[in-house]
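The questions below ask how each label is reached.

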Amino acid sequence: MNDSNKMNALKKFGGWGRMVIFTGVIITIPLFVLLGAAIYGFIMDRPGAFAGILWTLIIILVFWAITWVGLWMVSDTGNQNIMQSDLVNRLNELERENERLQKLVTELSQKK
């Protein structure tokens, strides 16, 4: 797979950042259901419901922190990959220009 195919796939699927956000949402949804059950238990005056609410909120915050750290790490590597691909594209362009100039020089030297 060459660089242009990789960039097209990245544009199509959204890259690692989209995956991190999707994973964070998928993890958070069941935790909100658990939080709703804990709040319902608190309303119905069940023992330990307050601890359930507290633990669920702590777990949600921890997972969100993990998601944001993952997103921060992925965005940093994404910037490095973009810079690297720009350098590769520029290098390929310079190599093509070099080949063109070499052909021109050989043509001019053969005409003399």
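Q: Why is Thr-67 called buried?
A: Buried means under 20% relative accessible area, exposed over 50% and partly exposed in between (1.4 Å probe, protein chains only). Thr-67 has 17% relative accessibility, so Thr-67 counts as buried. Thr-67 lies in helix α3, residues 49-111; helices are DSSP runs of H or I with at least four residues, numbered from the N terminus. Leaving aside neighbours within four places in sequence, Thr-67 is in contact (heavy atoms within 4.5 Å) with Val-20 and Gly-24.

This is a predicted model, in which local features need pLDDT of at least 70 and side-chain atom pairs count only at pLDDT 80 or more, while totals for chains, interfaces and linings use all residues. Residues are numbered from 1 along each chain as its sequence is written, and side-chain values use heavy atoms, without hydrogens and water.

Q: What makes the pair of Phe-42 and Phe-50 tilted?
A: Rings of Phe, Tyr and Trp (its six-membered ring) pair if their centres lie within 6.5 Å; planes under 30 degrees apart are stacked, over 60 edge-to-face, and the rest tilted. The count by this rule is two aromatic pairs. In the pair of Phe-42 and Phe-50, the centres are 6.4 Å apart and the planes at 50°, so the pair is tilted.

Q: How do you know whether Phe-50 is buried or exposed?
A: Phe-50 has 55% relative accessibility and therefore counts as exposed. Phe-42, at 47%, is partly exposed.

Key. Helices (H or I, at least four residues) and strands (E, at least two) are DSSP runs, numbered from the N terminus.
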